Amino acid sequence: MSSVSVNADRLLGRLRELGSIGRDETGRLVRLAASDTDKLGRDRLVDWLKGAGLEIAIDRIGNVFGIWAPQGIDAATSPLMLGSHIDTVINAGMFDGCYGVLAGLEVIETLKANDFDPARPIVVGAFTNEEGVRYAPDMMGSLVYSGGLDIDAALATIGTDGSVLGEELERIGYAGPHEPGFLQPHAYLELHIEQGPVLEREGVPTGAVENLQGISWQKVTIKGDANHAGTTPVSMRRDAGLAAARVITFLRERAIASNTPTVATVGCIEFEPNAINVIPSKATFTVDLRDPDEERLLAEEAALTAYLDRIAAEEQVTISTERLARFQPVTFDSGIVAEIEAAAAGRGLRSRRMTSGAGHDAQMIARIAPVAMIFVPSIGGISHNPKEFTPDADLIAGANILLDVVRKLTTSRD
């Protein structure tokens with residue numbers, strides 16, 4: 001089958017077209033979950049799915065599926081599922097998520113065009129709210145689909161703009177009738193840009209992703225006393241801003257000193273009253289901890305807790321934390337990972353096994369099915385940014401590897 005390849009012009013053309021949908025007046029790509037621009041992207045995707053002769057199914061959380069179930073396949077046969085997401089961050093690049101969805105569609109169309117007769121249905125899915133920008137948590141659609149979050153609780157989620165997710169899905173026409181999980185996948189494959197620098201740096205065109213980092217998100221709130229910046233001696237201050245700064249530097253210094261792949265990030269921070277001449281009375285910030293080993297991640301969480309206790313005493317402030325999200329590391333299916341390596345070799349391409357530093361829908365679907373991911377290089381390791389870029393040749397190579405693995409996994413019902 002390696003002599004058969006995807007239609008490069010069709011795949012690249014769709015990537016460019018979807019990347020043009022949802023641009024604001026300044027040219028930024030913004031398709032937040034269940035927004036008007038998300039609807040436009042969904043509508044176009046559904047048009048393409050229908051054009052490929054796929055059955056469209058939408059579940060209550062708004063996940064969109066295109067189903068290819070050729071005649072003669074037992075209705076009870078579980079499908080091979082492909083997919084990712086098409087919602088974006090604010091001022092996004094055009095490959096994150098969208099590449100996996102459109103490549104999955106392209107693989108199905110290529111197989112159909114070459115009269116391939118799969119032994120099981122093949123489904124391509126676009127999961128709702130993977131990015132988590134408008135509604136928390138991220139990867140919500142796949143989390144609900146895999147049973148990790150109650151559907152009614154998810155639909156009641158209030159967004160950053162005060163909207164309610166369920167009402168917005170109804171408004172844009174993507175509150176479907178199916179219960180999440182209505183299709184139990186035999187296995188799940190996700191093709192994605194790396195969103196990191198490893199493949200480009202090493203000159204390797206394919207990543208066979210064997211595991212995914214655990215993620216710990218917390219919101220930290222530090223309360224001190226507001227006071228005059230000019231008249232309050234440093235020794236008499238209860239400075240929430242200084243306490244926050246100490247925590248941030250502690251996290252960075254601890255990560256640098258470690259010989260593990262642990263990473264720590266403070267991505268959001270706010271001061272109150274946020275005035276140039278007033279000592280901050282309150283600092284609120286987020287902490288993102290990640291590690292592919294659960295025991296190390298637990299140790300980093302414990303170290304942060306101990307340091308917060310220390311800072312509270314030393315700076316005479318009060319500190320509270322709120323858990324925003326917590327996902328354990330995920331180990332992918334070794335057999336599918338090996339098939340990815342074999343498919344790359346069959347195309348004359350080098351590959352390397354690797355860990356995903358970012359969260360993906362695959363980690364949620366791994367709760368209910370064997371899963372693996374294919375990575376292609378991201379130039380400069382840049383993502384969540386309009387500079388996000390992967391060369392056409394790498395995009396097509398990744399899609400062809402996906403094609404070959406899909407064929408292998410659906411040649412028989414084993």
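## Thr-221 and its surroundings

Leaving aside residues up to four places away in sequence, Thr-221 touches Lys-282, Ala-283, Thr-284, Thr-318, Ile-319 and Ser-320 (contact means heavy atoms within 4.5 Å). Thr-221 lies in strand β7, residues 214-223; strands (E, at least two residues) and helices (H or I, at least four) are DSSP runs numbered from the N terminus. Thr-221 counts as buried because its relative accessibility is 12%; buried means under 20% relative accessible area, exposed over 50%, and partly exposed in between, with a 1.4 Å probe and protein chains only.

The model is predicted: local features need pLDDT of at least 70, side-chain atom pairs count only at pLDDT 80 or more, and totals for chains, interfaces and linings use all residues. Residues are numbered from 1 along each chain as its sequence is written, and side-chain values use heavy atoms, with hydrogens and water left out.

## The annotated domain

An unreviewed UniProt entry carries the annotation "domain: Peptidase M20 dimerisation" for residues 213-314. UniProt positions are given in the numbering used here, feature names are shortened, and annotations may be inferred rather than shown by experiment. Across residues 213-314 the chain is 38% helix and 26% strand, with the end C-alpha atoms 33 Å apart.

## Helices α8 and α9

Helix α8 (residues 240-257) and helix α9 (residues 294-315) cross at roughly 150 degrees, and their axes come within 10 Å. Axes are lines fitted to C-alpha atoms, for helices over the stretch in contact, and angles run from 0 to 180 degrees between N-to-C directions. The α8 and α9 crossing is right-handed (the near helix is turned clockwise from the far one by less than a right angle; anticlockwise is left-handed).

Residues of α8 in this contact include Phe-250 and Arg-254, and those of α9 include Tyr-307 and Glu-314. The contact of α8 with α9 comprises eleven nonpolar, no polar and six charged residues. Ala, Val, Leu, Ile, Met, Phe, Trp, Tyr, Cys and Pro count as nonpolar, Asp, Glu, Lys and Arg as charged, and the others, Gly among them, as polar.

## Helices α1 and α3

Helix α1 (residues 8-20) packs against helix α3 (residues 98-113) at about 145 degrees, with the axes 10 Å apart. This crossing of α1 and α3 is also right-handed. The contact of α1 with α3 has eight nonpolar, one polar and four charged residues.

Of the 16 residues in α3, 14 are buried. After α3 comes Asp-115, with a positive phi near 55 degrees.
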